[in-house]
Each structure stands twice: as C-alpha cells, then as structure tokens.
Amino acid sequence: MSAKSAVPGQFTLVLHSHLPWLAHHGRWPVGEEWLYQSWAASYLPVARVLRSLAAEGRSHLLSLGITPVLAAQLDDPHCLSGMHHWLGNWRLRADEASMSGNTALGAHEHRLATAALADFETRWRHGASPVWRELIDADAIELLGGPLAHPFQPLLDQRLRAYQLSEGLADARQRWGHTPAGIWAPECGFTPGMERDYAAAGISHFLCDGPALRGDTTLGRPVWDSDVVVFGRDLHVSYRVWSPKSGYPGQPYYRDFHHYDHATGLKPARVTGKTVAGPDKAPYDPELAAAAVERDVADFVETVRERLLAESERIGRPALVVAAFDTELFGHWWHEGPRWLEQVLRALPEAGVTVGTLADARARGYVGERVELADSSWGSGKDWRVWAGDQVRDLVDLDAEIVRLALDTLDKMRTDQDGLRDPVADQLLREAILTVSSDWAFMVSKDSAAGYARDRAHQHAHAVREIAAAISAGQLAKARRLAAGWSAADGLFPALDARRLGPAAPAGATAPEEAACVTT
C-alpha cells in the first residue's frame, strides 16, 4: 500500500480478552477445551503479532484488556500443563488428517501446531504474565484491567462491586508490575454512580458501546461530575469487522468456524457461502484466504481514513475513532484474524493514520463535553436485558441471595476472629464471586451452553451455602474441610483476602439491584 497524506485525529484499537473460570470444571464440549482453543488460536498468535511489531520499534499499538479471571488461568499450573498437552495433541490430530488422506489440511495444521508448541515451550510454560509484561514494558500496548471475575457490575452489591474492582487492579499489579489506569468494564455495563467507584479506585478512563453516547463516539467524555472519561465504540468502523451480516470473517474464502472434521476435530472447509451446508463447503485454501486478508485490510484502512476525515470535519476538530472487539475473534472465531491484525497495524500508519491507545487519546486531548451516562451495556438492546431479563430472572435472584448470605456470614465471622487471615472466609468469598460471573447469564440468554452455565452458577452457589451453613452451626472443622475441598477446584486468586472487604452499608441504604430500573 503506497503512503498517503496524513489524516486528522487518532485511531484506537481495543481488544477485550476474557473467559470465565473453566479450570477443573469439565473439558468437552464446554470447559477447559474452550480455554485451550482460545489460547492456541488467539492468545498465542496475537501476542506473537504484538511482539513482532514491538521488535520493529513500533509502540502504542492498541489497548489490551485482560480480565483477572483469564489472567489467573493463563498463569495456573494446571492450565499450563493442560495447554501443553493440548498443543501436542493438536499436532497428532494434524498428522492423523494427513494419514487419512487430507494432506493439505494436515500439513497446514501441522505447521500451525508446531509453531504454537515451540512458542509455548519457549515463552509461556511458566505463565502468561511475563509475555504480557514484556509488551507493557516496551510500551507496545496499554493494559486495561477489570474486576476480579467479570461481574455485571450494575446489578452487584456495592461492597462486592468495590471489592472486585480494587482486588482486580491489585491482581494486575502483582502479575505485571503495573496498575491499569483504564478498564473495559464487564459487558460495558454501567449505571450512574459507577464513575465515582472508578475515580476512587484510580481509574481514569473506561469503554462503553456507541449507542450509550447516542452514536457520537468521536471524543471521550467526562462522566457526570467526575474526571473519569468514557470512550465509545465506533460501530460504523467496528461492524466492518464484526457484523453478522457483512463482517469480514463471514467472507467466502476464510476458514469456516462451525464445520468440523469429526475424526480429527479440525476445521477443513472455507465459508464458501452462508447458506451452504457443512458437508457441501469447499476445502480451505490458505492462499485464497491470504488474498482475502489483503483485500479486507485495504478496505478497513480506507474505512478508518474516511471516518476520521468525515468526523473531524463534522465536529470541527481532529476526531477519535475507537474500534473494539473480543480478542478471541482474532484466531479462535476468525482463523485469519491475527494475520489481518498484523497487516492492519502496519498499514494504518502507512496510510497516514495516527494509531494510539485510549490513554494516548486522553493525554492528547480527544475529550469533549461532559455526558450524563445512563444505564447501558454492549448487549442486545444496549440495556441490561441479557443479564437482568425474564429469561435469567432466576439467576438474578440466585446472585442476590448468595451475595447476601456470603456477606452476612463474613460479617458475623469478623466478630469471632482475631484479625488473622482465614482461608474459610477467603473461599466463601471466592465462591460468591464466581457465582455472580456475568458469563452465566450471558450464556443462558444467548442459549450458548445454557445448561453448563446454570450448572456452574448453582455449583458455586452450593459451595457458598454449605460453607456458610457449617459456619452458622459452629462446625468450624467441617467448614475448613469444605473450604479446602472447594479450593482444590476454585483456588484462583490466591492473594484474595476477605479481610479487605469493606464494611457493611449503614442500615436503610438502598442496594443497587433494588434501586435500578431495568428495561427488559
């Protein structure tokens, strides 16, 4: 692509990396397999792309969100061992494909698996934290943090909401030696007042979906009367990539995500056509896919240029364009995504586009007038229906019950203790945090492994109930045994300390879930 004249403004790419806690909770079809597929197809190649660009002296490439619950899995010894085994098995499956006559598929997958295995053994065997820290220290990325286990914050008790946020930021500091100043809030969920929580936690900026700003995403906006700035996702640009109707991953020459070769578990076909049945799809051809990547890179770069020019002219000053996606789109859902990502990050500067992070945008003054940001999310309807609608009312009620039980029990335990750290209290809080993960309601509302999601929510709720019951009955030895047993599966966040949970709210205070008015 030939160099073009500079355009006003800045383009920012934001990636959100997240999976719920999957370790020790099933393998297939939902469970650890989900983690290992995403790790192999997305986290490894995306990190490799960023490392390659950083080695060329490129910096401030994008803002990368990594949720604490995902970071915990990428550092967990059980998951690291499981991932190494999975990568070796991937290469064996590629060899099986070759021996069964599909030599093109087998050769392609063997090359990918061999490269991933070498990368993992060289850089990832002792955890992902050194990988991300290298990129942070090189100023290749801005790290975005978040609350511990990805709760839908607007519906969460204020004490637990503040605790999860502060502990999530502390977890980032422990892993990467860096406390994030920005976050991608879980599900982009917001309700007025959260900006004060962010300010108290040291957060200076966060992300919302474009409709929350009525589509005017060309500048960040201070929220209500705070100095915390919200940036909006530009849907016009973002949907060029991730639209169910016209997004790049659905183009004919890209590898089809849904069709499997059941003998090997590999994906042998290209999309071919959106109405073509799996068995009738054409074989995947990497060369055709590579040519499609080049076309879509050129299209995206031109889209960004035109958007910056048009929006800068409209507002009478240089504009900001923010495109935001789940990291798992790049590689896991869209096989060619990492290659597209690398080429786009090279092509944008050549096309005269200034690339920077959300922190850069704030520092460079891409901030406009204040906004009275209302209840919102990036889910269906851009309200809270995915996490608070009728289809998940039972989970909303379950979460409220379990949070009350856990907090009441912890408050009673404080009066009976000597101030020392208590692993029973820690595990009780840990299970409550896992119960209220936003993923369970999302999976039910979207009917994606809804049974697994309900089982997980109720399993963690059961852990809270039986530990709390033992404590209430004065059966402290039993409570210790139960907590130790649950910790064997759910021992994430070993630094979690229930003593840091804030005090109970004064009598008569209104809980967020009682005060909120939700459109369903």
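The largest cavity is lined by 18 residues, and Leu 155, Leu 395, Val 396, Asp 399 and Val 436 are the ones nearest its centre. A cavity here is a set of points, on a 1 Å grid over the protein atoms alone, where a 1.4 Å probe fits but cannot get out, and a lining residue has an atom within 4 Å of a point. The volume of the largest cavity comes to about 250 Å³; a volume is the space filled by probe spheres set on the points, with grid points joined across faces, edges and corners. Before going further, keep in mind that this is a predicted model, where local features need pLDDT of at least 70, side-chain atom pairs count only at pLDDT 80 or more, and totals for chains, interfaces and linings use all residues. Residues are numbered from 1 along each chain as its sequence is written, and side-chain values use heavy atoms, with hydrogens and water left out.

Who builds that lining? Helix 13 (393-415) and helix 15 (438-445) each put in at least two residues, and helix 13 has the largest share, with five residues. Helices (H or I, at least four residues) and strands (E, at least two) are DSSP runs, numbered from the N terminus. Sorted by class, the lining of the largest cavity has 12 nonpolar, three polar and three charged residues. For these classes, Ala, Val, Leu, Ile, Met, Phe, Trp, Tyr, Cys and Pro count as nonpolar, Asp, Glu, Lys and Arg as charged, and the others, Gly among them, as polar.

Searching the whole structure turns up two cavities of 30 Å³ or more. The second largest cavity has a volume of about 40 Å³, and its lining includes Ile 66, Thr 67, Gly 145, Gly 146 and Ala 172. Helix 2 (68-75) and helix 6 are the elements that give two or more residues to this lining, with the largest share, four residues, coming from helix 6. Its classes are five nonpolar, four polar and one charged.

Those two helices also pack against each other. The axes of helix 2 and helix 6 come within 10 Å and cross at roughly 35°; axes are lines fitted to C-alpha atoms, for helices over the stretch in contact, and angles run from 0 to 180 degrees between N-to-C directions.

Helix 6 (residues 158-176) has another partner, helix 7 (residues 194-201): their axes come within 10 Å and cross at roughly 35°. This time the crossing is right-handed. On the helix 6 side the contact uses Gln 158, Arg 161, Leu 165 and Leu 169, and on the helix 7 side Met 194, Asp 197, Tyr 198 and Ala 201. These residues split into five nonpolar, one polar and two charged.

Eight strands form an open sheet in the order 6-7-5-4-3-2-1-8, with mixed pairing; two strands pair if DSSP finds at least two bridges between them. Strand 6 (221-222) and strand 8 (320-326) are at the edges with a single partner strand each, so one side of each has no neighbour in the sheet. Strand 8 runs parallel to strand 1 (residues 10-17), and seven bridges join the two. One of the bridges pairs Thr 12 with Val 322 of strand 8.

Finally, the pockets. A pocket is an open set of points with protein on both sides within 12 Å along at least five of seven lines. The largest pocket has a volume of about 1800 Å³, and of its 50 lining residues Trp 242, Phe 257, Asp 326, Trp 333 and Phe 442 are closest to its centre. Helix 1 gives the most to this lining, with four residues. The second largest pocket, of about 970 Å³, has 36 lining residues, with Ala 41, Trp 90, Leu 112, Arg 255 and His 335 closest to its centre. Helix 1 turns up here too, supplying the largest share with eight residues.

Technical notes
A crossing is left-handed if the near helix is turned anticlockwise from the far one by less than a right angle, and right-handed if clockwise. Contact means heavy atoms within 4.5 Å.
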